[in-house]
Amino acid sequence: MTTKTQERPTFSVFGAKPSNALLVPEIPIAVRNNCQAGQWTIGDTDYGSKCSMTILKFSKFFGSLGQTSHTLWGQLWFVAESGELPQGVVMVTYIKNRSLNDFNRLVASVQSRGVEPATGIFIPEFVKHSGQKPDDSGVVKPINYYSLKWSWNERKDWAVIDQAAAVLSDSSNQSRMIDLEGTRAMVCLDNLPAQQVACLMAAHAGGESDAMALNSNGGMSLPPAEDKSTADLF
């Protein structure tokens, strides 16, 4: 008597990433570096404070996100190498103010040694600060907040770099690495002359509601600047 081995039917809805590869989701996974709690957050879920990452793409933006209006942002597309964030998945996060300044410092220091920073591992650490901020009634109160201090290590395992290069060489992956939701009130500065960037930022700092940001494809307006007295300090 022979026994038939039942084969599973071919079934695919979302697909799965190949082994030894990186997944680029159809809808970007936005990771927030929560400056009030000193935690990495996706949606309402906290993923701890520890993380090291490989960065696949960096862009400069100007605009508004969350509680912060009309400021300079750094957009990072990255893969987590350690920590509690999902690994093997390309994600996006945004940095500003202290965190962006320290990131720029680190990148420049690595570049000055004749090294491409993206070949190494970036390690952001939450650092606590104290300050003051008006509450909803306008009363200034003391607050604590966190920024990211960045360090960098040379890598020993180059497998992730090979996978990252494969991602960036695929045009379909490149088309997924656009965060329409996160940048809906922003303008990309990557292809703008420095003079236009300066004019844009100066106009919004002065509260001009009709300020116009010109990108590489033409003209684009941003929403009116909000009252700077309630701007996010983080």
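Setting aside neighbours within four places in sequence, Leu56 is in contact (heavy atoms within 4.5 Å) with Trp77, Phe78, Val79, Val90, Ala164, Val167, Leu168 and Met177. The model is a predicted one, in which local features need pLDDT of at least 70, side-chain atom pairs count only at pLDDT 80 or more, and totals for chains, interfaces and linings use all residues. Residues are numbered from 1 along each chain as its sequence is written, and side-chain values use heavy atoms, with hydrogens and water left out.

Leu56 lies in strand S4; helices (H or I, at least four residues) and strands (E, at least two) are DSSP runs, numbered from the N terminus. Leu56 is buried, at a relative accessible area of 11%, where buried means under 20% relative accessible area (1.4 Å probe, protein chains only). Between Leu56 and Ala165 there are 8.4 Å in space, C-alpha to C-alpha, although the two are 109 residues apart in sequence.

Turning to helix H1, its buried residues are Ser99, Leu100, Asp102, Phe103, Leu106, Val107 and Val110. Seen down the helix axis, the buried residues of H1 fall within an arc of 165 degrees (taken from the directions from the axis to the C-beta atoms), so they line one face of the helix. These buried residues pack against strands S4 (51-65), S5 (68-83), S6 (90-96), S7 (121-134) and S8 (140-153).

Methods: Buried means under 20% relative accessible area, exposed over 50%, partly exposed in between (1.4 Å probe, protein chains only).
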